[in-house]
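Colleague: I would like to learn how to read features from a model. Can we go through them one at a time?

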Amino acid sequence: MKAVFALILMIVFGAIASLFLPWWTIAIVCFVIGLAFLDKGPEAALIGFVSVFLVWGTFALIKSFQNDFIMLNRMSELLPLHNPWLLLLVTAGLGGIIGMLSSLSGVFLQSINEKPRKNKYYS
Amino acid sequence: MVFLLTICLVVALNIRIGGKPAFGKLLNPFSGFYNLGENTNTLHLADEIFAEQLEESVEIYFDERRIPHIFAKNENDLYFAQGYIVASLRLWQMEFQVLAAEGRIAELLGAGEDNKFINFDKQQRRIGLKMGAENKLKVIEADPFSKNLMGQFTAGVNAYMNSLKKNDLPIEYQLMGYQPEPWSSYKTALLLMNMSNVLTSTEYDIENSNFAIKYGESLFDSLFNDYSDQLEPIFPTPPAGWQAYSEEYTTLNITDLPVNAENLQNLGSLYEKSDVQIGSNNWAVSGEKTVSAYPLLANDPHLKLSFPSVWVEMHLNTPDLNTYGVVFPGAPGIIIGFNDYIGWGVTNAGRDVKDWYSIEFKDVTKDFYKWEEGWRATTKVYEEIKVKGCDSMFDTIIHTHLGPVVYEEFPTQDGPKNFALQWMAHQAGQEYMTFYLLNRAENFEDYLDALRYYECPAQNFVFACVDGDIALRQQGKFPILEKDQGVFYMDGSQKEAWSEFIPFDEIPMMHNPDREYVYSANQHVADSTYPYFTNGVFEYYRNRVINKELRAMHKVSKDDFKALQFNEYNLMAEEALPLLLSYVDRSSLDEKGKEVLDALSLWDYVNDVDSKEATYFQLFSESYYTSLWDEFVETEVPGGWDPYKWKDGWKAPNEYQTYRLLADSIEHRFIDMEETKVVETTDVLINFAFSDMLEDVDTLDQVEWGKYKNTLIEHLAMIPAFSTNLDIGGNYKIVNASGKFHGPSWRMILDFDGGKIKGYGVYPGGQSGNPGSKFYDNMLSEWATGDYHELVNSTTPSTYQNSNYQSVTLKRP
């Protein structure tokens, strides 16, 4: 339940931050949510990955649809991956890794500071 | 640990490492490249744009090809809007071209392989592109009118640039990691200098001198004879002769070249001449030859085929002006086009307006150089070439009264020499005034007045008017040359700078000639009876096909003009192939060889897209040419497309000269190949070339001409993913001049039917410079198939106020 809640928070606040703030702020969002709501490493990694994977993947797909995939095709030749779908996957995957490491960082920082923390929002 | 790793990763993804783009920045879908892909349903600009500088509102209507129709209430607003709109379509291209002209490529891209970018920058500075632009700028700024004109355009470009956030900058900026600088009149001047550079690389002074020094002037004269009675100059000798123009035709002795038959190894490598394969066609016929009894005019300038396209198409309107055509991204006004009264187009004159002089320095300080019996002082200019990722390079450019010393201690057949360059482009003309006035011209007199301002690069301006007039004039500023001046380099201690120029009234022109047509295709301007010495690089074949077709034209319409623009007849093949084949020994060939020989004998000499014979001929002719002139031609020609790839310091006769020598059976020492022990004859060479061609053909996957040629339209920064290949007919030296890398960069036909001009045109690319826009290459297939669109130049905005157009209003806040 807590995990689902964290996932939704990451997606919503991650998307909002990305739309209005520099792209890397989504890492801070994942970090803070990881710090505040998650305590198991593997779980945090998965949630961080999935949330940013979804946010980046969805927006990349929407933008590409609006553009008839012209830019995606050209960039997949440029990089060169020669496959637009692969480039979409790489994009979402890169986002996912950023999300995973960020939320994991939150959990790890929390374990270092275990003692001073008394008030947990959920127990 | 993970925390640090995360921070490191995010930071690493946000900065450029090792010249690679910042991947996080580039790939994230919020501010990365996804964002630069244009929404295909909306315009690239907002409906309303506010700009302080405007006096009144400007309405802009974009059609379904994103061609803007700009309606302003006054001139200032018009040129502001033109700057704004051009920048919105082509910002990166405008800036990149200017940075290249200024010699600042290493600053963006680093030193490059073998320091190629540094060397390029050094070349641009040494030949004086910056100096020429600075001279032009002074003239622009000295005149309040031109200062204001350029200022309005500049303000428009900068207003657009300032409206962009860093993330909105074109993709090329993101990939190469730099940002645009504010636009200025200086940058427009640099752009015009760049055009001059591209169009006036028509000289071989140092190469010719090396040849004449080693082999003697008489051999030079017989091999490089450039003119014959078979050729048809742009301006035929008038019935009264040219003498009426000039009091006396003076022939002055130029220089006594030394003789040095010794083979000096390792001559200097000259700077690459920009694009010797460029050219253009234009023509006009009077009402006597048309169905409508009104003139028709056509123009297709052949330039490097590139993305973003060379041209932007536009319609400019104020209450006093209504003009339509194509513009250079970065300069105000229409360059080729029409208004409600006249139409005009240009081809390159190809005249030599670059002279080289050997300079002797007094000592190593190079503070003085020899002048007559004494010495003159040099001036020095210090240039810093910034190099990305390295320390700057510094270059000292020495100036003489003739111009900058481009080459120092340069190895020639007469030993090391310093060479100064005198170049018409260094002088400050007011070419922009020509276009400003042509945009407003209403008749022949206005056309002539407009051309008075035009100096360099010299062009053949074709003209037609709704009143039925047609005209052609080769306009430029030409120094009065001594005979052979510009063919060889000269002694800088004996020559003053150019001071006399061919008077305006003695520049060749035709106005309503009896033959009822005018045309030019980069051929010779006039024959030897013209009372001034002319020299340059000219065209021999395409122009004669055009002349033949025009002469025969009767009751023609725009479709006949289109057919002529697409004419793919290979006159060089008609003249050269039967000669070549007469030497081929049929009995020595195998079945495949006989098949090819028979096919070639029956060929109709048309380089259409499916022709196999065109490919055979191309390879056959190339092989003959390179083995004949093996002393001068690099044997390994990359791609086999540039027969002008010379060994350092040399140049061989061109194809026309080559086949003239063959036709006249002139024997000369070069027929023997240097590398072999046996003595080759023409017979041996041609049979060798034929079998060499057969071997080449065997290695080809596809022999059809279009597929073999596989025309490349290349991105300016040579990014393959942003470039395209196309299988089409035509070639260099053919009216449809679609070669491997160059071609008709704009095809335009103007129909003056009923005294109202209707334009048709198309160019190979699209209005947008954004590779993520559907308007990046949307006109390419229309261009390839000859699907010209109508150039709608209505003076009433209501024409454009419907669902086929998207509108933008530029207004004061």
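Modeller: We will take chain layout, surface patches, aromatic pairs and salt bridges in turn. Keep in mind that this is a predicted model.

Colleague: Start with chain A. How many helices and strands does chain A have?

Modeller: Chain A has five helices and zero strands. Read along the sequence, the pattern is α-α-α-α-α. The C-alpha trace of chain A spans about 55 × 25 × 25 Å along its principal axes.

Colleague: What share of the residues in chain A is buried?

Modeller: Of the 123 residues in chain A, 48% are buried. The cut-off to keep in mind is that buried means under 20% relative accessible area, and exposed means over 50%.

Colleague: Now the surface. Which residues make the nonpolar surface patch?

Modeller: Val4(A), Ile8(A), Val12(A), Phe13(A), Ile16(A), Leu19(A), Phe20(A) and Leu21(A) make it. The patch covers about 780 Å². Take Phe20(A) as an example. Phe20(A) sits in helix H1 of chain A, residues 2-20. Its relative accessible area is 66%, so Phe20(A) is exposed.

Colleague: And charge? Which residues gather in the patch of negative charge?

Modeller: Asp590(B), Glu591(B), Glu595(B), Glu695(B) and Asp698(B) do, on the surface. Next, ask which elements supply them. Helix H17 (591-602) and helix H20 (682-699) of chain B each supply at least two residues of this negative patch.

Colleague: Is Glu591(B) buried or exposed?

Modeller: Glu591(B) counts as exposed, because its relative accessibility is 62%. Glu591(B) lies in helix H17 of chain B.

Colleague: Move on to aromatic pairs. What describes a pair of aromatic rings?

Modeller: Two values: the distance of the centres and the angle of the planes. Over all chains, the structure holds 57 aromatic pairs. In one of them, the ring centres of Trp356(B) and Tyr407(B) are 5.3 Å apart and the planes stand at 35 degrees, so this pair is tilted.

Colleague: Which parts does that pair tie together?

Modeller: Trp356(B) lies in strand S11 (residues 354-359) of chain B, and Tyr407(B) lies in strand S16 (residues 405-412) of chain B, so the pair ties together parts that are 51 residues apart in sequence. Check burial too. Trp356(B) counts as buried at 5% relative accessibility. Tyr407(B) counts as buried at 7%.

Colleague: What is the geometry of the pair of Tyr454(B) and Phe461(B)?

Modeller: Their ring centres are 5.1 Å apart and their planes are at 75 degrees, so this pair is edge-to-face. Tyr454(B) and Phe461(B) are both buried.

Colleague: Which residues do ring pairs link into a cluster?

Modeller: The cluster joins Phe211(B), Tyr215(B), Phe220(B), Phe224(B), Phe488(B), Trp629(B), Phe632(B), Trp650(B) and Phe670(B).

Colleague: How do I read the burial of the two partners?

Modeller: Take each one separately. Lys366(B) has a relative accessible area of 17%, so Lys366(B) is buried. Glu408(B) counts as partly exposed at 23% relative accessibility.

Colleague: Where do Glu575(B) and Arg544(B) lie?

Modeller: First the contact. The side chains of Glu575(B) and Arg544(B) meet in a salt bridge at 2.7 Å, N to O. Glu575(B) is in helix H16 (residues 571-583) of chain B, and Arg544(B) is in helix H14 (residues 542-552) of chain B. The pair links distant parts of the chain, 31 residues apart. Glu575(B) counts as partly exposed at 23% relative accessibility, whereas Arg544(B) counts as buried at 8%.

Colleague: Which residues are linked in a network of salt bridges?

Modeller: Glu102(B), Arg104(B), Glu107(B), Glu181(B) and Lys187(B) are linked in such a network.

Conventions:
Residues are numbered from 1 along each chain as its sequence is written. Chains are lettered from A and ligands numbered from 1 in the order in which they are written. This is a predicted model: local features need pLDDT of at least 70, side-chain atom pairs count only at pLDDT 80 or more; totals for chains, interfaces and linings use all residues. Side-chain values use heavy atoms; hydrogens and water are left out. Patches are made of residues with over 30% relative accessible area and no salt bridge: like charges are joined within 9 Å, nonpolar side chains (Val, Leu, Ile, Met, Phe, Trp, Tyr) within 5 Å. Accessible areas come from the Shrake-Rupley method with a 1.4 Å probe; for residues, only the protein chains shown count as cover. A salt bridge is a side-chain nitrogen of Lys or Arg within 4 Å of a carboxyl oxygen of Asp or Glu. Lys and Arg count as positive and Asp and Glu as negative; His and the chain ends are not counted. The place of a charge is taken as NZ of Lys, CZ of Arg, CG of Asp or CD of Glu. Helices (H or I, at least four residues) and strands (E, at least two) are DSSP runs, numbered from the N terminus. Buried means under 20% relative accessible area, exposed over 50%, partly exposed in between (1.4 Å probe, protein chains only). Rings of Phe, Tyr and Trp (its six-membered ring) pair if their centres lie within 6.5 Å; planes under 30 degrees apart count as stacked, over 60 as edge-to-face and the rest as tilted.
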